[in-house]
Amino acid sequence: MEQLKGRIIYKGKAEGEALVTNMPISFYGGVDPNTGIVIEKGHELEGVSIKNKILVFPQGKGSTVGSYTLYRMKKNGTAPIGMINKETETIVAVGAIISEIPFIDKIDTTKIKTGNKITIKNNHITIN
């Protein structure tokens, strides 16, 4: 078990399975809000669902509409249950806040592997 401390973007608690990518994610156009499946061509998570996962990625990219897309995913039940970034930016931060998804950044994401059981609690994560 390892614990890491980061910066709170949206406080809360989430427990689940990590889904890790080293590639930035665009929620607008890169993820289908109706299914939660990554649809961006050439993305390492293409064809994979982020629904009910702790999504670990370096940062977001793309249009400001991505914030609303993340909110729409939350309302559709297709959003991740928590998110961890190396360094977030405004689009994903706003999306997590309005969607009330526990989210932290300033984390060394290389310590987390897909399939790890993760607990986010405020500014700490526990990797099991």
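Is Lys117 buried, exposed or partly exposed? Select Lys117: the residue is partly exposed, with a relative accessible area of 45% (buried means under 20%, exposed over 50%, partly exposed in between, with a 1.4 Å probe and protein chains only).

The model is predicted: local features need pLDDT of at least 70, side-chain atom pairs count only at pLDDT 80 or more, and totals for chains, interfaces and linings use all residues. Residues are numbered from 1 along each chain as its sequence is written, and side-chain values use heavy atoms, without hydrogens and water.

Glu17 lies in strand 3 (residues 13-20) and Lys117 in strand 7 (residues 117-121), 100 residues apart (strands are DSSP runs of E, at least two residues; helices are runs of H or I, at least four). Include Lys53 to display the network of salt bridges that links Glu17, Lys53 and Lys117.

Then select Lys61 and Glu40, a salt bridge with its closest N and O atoms 2.8 Å apart. Glu40 is buried at 19% relative accessible area, whereas Lys61 is partly exposed at 36%.

Finally, display helix 2 (residues 65-76) and helix 3 (residues 90-99), which pack at an angle of about 30°, with their axes 8 Å apart (axes are lines fitted to C-alpha atoms over the stretch in contact, and angles run from 0 to 180 degrees between N-to-C directions). Contact residues (heavy atoms within 4.5 Å) include Leu70 and Tyr71 of helix 2 and Val94 and Gly95 of helix 3.

Definitions and conventions: A salt bridge is a side-chain nitrogen of Lys or Arg within 4 Å of a carboxyl oxygen of Asp or Glu.
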